[in-house]
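Subject: Structure handover

Hello,

Here is the structure you are taking over. Please open it and keep it beside you while you read the notes below.

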Amino acid sequence: MTKSFGEYRGSSNYIVSDELRNAVNIAIALQKPLLIKGDPGTGKTMLAQSIAEGLGKRLIIWNIKSTTKAQEGLYVYDTVQRLYDSQFGDHDVSDISHYIKLGKLGEAFVSDEQVVLLIDEIDKADLEFPNDLLWELDQMSFYIPETKETIVAKHRPIVVITSNAEKELPDAFLRRCIFHYIAFPDPEGMKEIIKVHYPDLDKKLMEQCLEAFYWLRTIPEIQKKPSTSELLDWLQALVIGGISPKRIKEELPFLGVLLKKNQDLDALLWHLNNRPQSRIAHRQSFQTR
Amino acid sequence: MFTDFYYILKKHGVPVSMNEWYTLLDALEMGLAGSSLTTFYHLCRAVLVKTEAHYDRFDLAFAEYFHGVETPEDLPETIWEWLDKNLPPLEITEEMRRNHKQLDLETLKKMLEERLKEQTEEHHGGNYWIGTGGTSPFGHSGYHPGGIRIGGQSRNKSAVKVAGERHFRDFRNDTVLDTRQFQMALRKLRQFSTRLEGPKTELDIEGTVEATSKNAGRLELVWERPRENAIKVLLVMDSGGSMTPYTRLCNQLFTAANRSKHFKDLQVYYFHNCIYDLLYLDPRCVVSNSVETKYVLRNLDSDYRVLLVGDASMAPTELTARGGIIDWGQFNEEPGIVWMRRFKQHFPSSVWLNPIPARYWEITEGAVTIKMLQDIFPMFELTVEGLDMAVKKLRAKN
C-alpha cells in the first residue's frame, strides 16, 4: 500500500460507509475527480465538508446553477469595469490583469496548499458544462489569453463533484471520474446517522419515527419520497413539539415536514382511507421482526 | 487472465473504455486494492462503473468472474458446534496477506474434505484446522482471502458474496421505471431543438457588452437564437382491456409527458387495440367523447413526434379485415392496418412503445400483430432504455 492510501477515515459528524471511504481514497490516490451521485438528502455535499475536515484542508465550494458557465469557474474578465474606468481615466486600464478575477477553480489552483474543491450539483448546469471543464480538470491548468498567462495548480486540489442525476453527464467526462453512488441508508444505517445528529434522542421516539418513515417511503403513489434531511427535520419538530412516541404512528404529526407536495399528501390520505388493511399488515410485519 | 474480466464486463453490458481499464491497472500497480477482494471490488466498481444503473450488471459480471465461494451444507454437526464460539477480533497484517495463496474452489473443496476426515477437536485461531478466527481457509470470522466460510457472521465479508447479493438490482435501467425517470428520458427530446434552428432574434447582452468593449466602446450588437423548444408531441395510447395490467405504467408515462413543460405542444388521444376512424379523448373510449382520426391528421402538422403506446396484441382480423373493429356496434370501412399506415405516413417521426418486454414479442399471444405493426413503426419496449432509444429515433428523423 502506498502512503497516501487510506488517508481519509471520515470525520466526527459524518457517517461514512466502507465503500464510500474506499472510493474517496481511490480518488485521492489516483488524483481524479470523485463524482458522487445519490438521492437528495443522502449527504453528498456533506461528504466534501467531511473530507476537508478529516484531512484538515480548506474547502472551496463552487455552487452550480442553471446559468453557470464553465468559464466562470476559471476566471472572469471584467470588460465592463475596464471600459468604465477607461472613460473616466482614473485607473491604469493598460494592465488587463487588474480586471481578471479568478473563479472558484482558479482560486483552488493558486492556493498555496492543497484544498478540497466541491463542484456542487454539476447536473444543474447546461449539458455542455462538464465537457468544457475536461481539460482543466485533467491538466489542472488553464490559459488566460488576455494576459497571456497560464495558471497551473500549485497543488492538485481534491475535487468532489455531486450530481442529482437531473441530466445525464457526458461519457468523456464520466471516463475521467471515480464514481460512487450513495444508496439510501437502511434503517440500521439511518440510526447511526440520527445518533450523530441527535445523540440524546429518545430510543422509543426514534424507532417509531423510523418505522413511520420507512413505511411512507414504501407507498408507491408518493412522488417525492421523504429523505434523510427531512427525517432529521421531522425528528427535531417532534422533539420541540413534545410529541409522545405513542402518537407518532397513529397521527403522523407535522407531516408537512416530510411530504412537501399536495399530491403526495393526498396520495397518503387516499392510501390510509382506502387500504387500511395494508397498514395493519405492515405493522404486524414490524412486530414479528 | 485478468483481461477476461474486461470482456465479461463487456458481455454483461457494462460500457468499460480502455481509459478506465488502464486507470484500474494503474491503481492496482499503486497497490490501491491492498490484497483484499472487497477493496478490490470497491476499486473496480469506482473506477469502471459510472452510473448506478450499471451496478447490478457489474455485480453479475464480478460474481461470474470471481465465482464459487460457497458454504457446503452437509457438514458434520460437531463442526458447527466448534464454530459456534465467539472470539477476539483478528488483525490482518501484510505478512498474512502475502502468505496466502489464492486457492481455487476445487482445491479448496478437496482440502476441506481431507481436513474434515483428519480433524477431531475444536480450533480457534491458527491456520490449518477448521475453526473460528485464525487464517485457515476453512471456518468463519477468520481471514483467508479465498477461503470457505462455514457458518457464523461474515466478518471480512467476501466481495463475491456482496456482488452475488445484487443490492443494486433496483437501479437497473432496463426494468420498468417511475415517472421521474420517464421525465428524464423525455427531456432528451429537448436538447436538439435549442439554438440549432430558427433565426437569431434575441439580443445577446453579454455578447454585445463583450463585442462593444473589444471594439473600444463603439456599440456592436450581437444576436442569438431564442432558447425555445420547437418540439411538438402527440401521445396516442391504447386503453383496451389487454392493457389493464399496464395501467400504472401508462399513467406514469402520461404524467411524465404532461409534466414535461418543455414541449411546445402535447396532444393526447386514446384508442382501443387499433386506430380506426375515431380517436378518443379519454381512456374510457366512448364514441360520445371522440374526434375523427381524419380531423386529427388534418389539424396536426407532420412535424409532431408521435409516441404510440400499446401492447399491439389483438386478433389479426382487427388489423386486416373490414369491420374487424373490436367494439360492438361499430364498423370500419377500411382495415386497421390501412389507418396505421396512414398515421405513419402523415407522421414520419412515429415510434411504438410496447409495455410487453421485447424478449416476449415473438412468443406472446399477440406475436402476429406485433410483427405486423413492427413493420410499420419502430417498436421499443416501455422501459427507460426503450424510451431512450425511442427518443433517439425520434430525434434522428430530423
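In this predicted model, Lys101(A) and Asp78(A) form a salt bridge, with their closest N and O atoms 3.4 Å apart. The two residues are 23 apart in the chain and belong to distant parts of it. Lys101(A) is in strand β4 (residues 100–102) of chain A, while Asp78(A) sits in the loop between β3 (75–77) and α4 (79–88) of chain A. Lys101(A) counts as partly exposed because its relative accessibility is 45%. Asp78(A) is partly exposed too, with a relative accessible area of 23%.

Is Arg57(B) buried or exposed? At 9% relative accessibility Arg57(B) counts as buried, because the cut-off for buried is under 20%. Glu385(B), at 28%, counts as partly exposed.

Glu210(B) and Lys214(B) meet at 3.3 Å, N to O. Both lie in helix α10 (residues 205–214) of chain B, 4 residues apart, which is about one turn of the helix. Glu210(B) is partly exposed, with a relative accessible area of 38%. Lys214(B) has 62% relative accessibility, so it counts as exposed, the cut-off being over 50%.

Salt bridges can also join up: Glu188(A), Lys191(A) and Glu207(A) are linked in a network of them. Over all chains, the count comes to 20 salt bridges. Side chains of opposite charge can pair when their charged atoms come close.

Now the nonpolar parts. In soluble globular proteins, nonpolar side chains tend to be buried together. The largest nonpolar core here has 85 residues. Which residues have the most contacts inside it? They are Tyr8(A) and Leu47(A) from chain A, with Phe5(B), Leu9(B), Leu48(B) and Phe58(B) from chain B. Helix α1 (residues 18–30) of chain A gives the most to this core, namely 8 residues.

Apart from its neighbours within four places in sequence, Leu9(B) is in contact with Val14(B), Val16(B), Trp21(B), Leu48(B), Phe58(B) and Ala61(B). A second, separate core has 32 residues, including Phe271(B), Ile275(B), Ile325(B) and Ile356(B).

Regards

Conventions: Residues are numbered from 1 along each chain as its sequence is written. Chains are lettered from A and ligands numbered from 1 in the order in which they are written. This is a predicted model: local features need pLDDT of at least 70, side-chain atom pairs count only at pLDDT 80 or more; totals for chains, interfaces and linings use all residues. Side-chain values use heavy atoms; hydrogens and water are left out. A salt bridge is a side-chain nitrogen of Lys or Arg within 4 Å of a carboxyl oxygen of Asp or Glu. Buried means under 20% relative accessible area, exposed over 50%, partly exposed in between (1.4 Å probe, protein chains only). A nonpolar core is a set of buried Ala, Val, Leu, Ile, Met, Phe, Trp, Tyr and Cys residues joined through side-chain atoms within 4.5 Å. Contact means heavy atoms within 4.5 Å.
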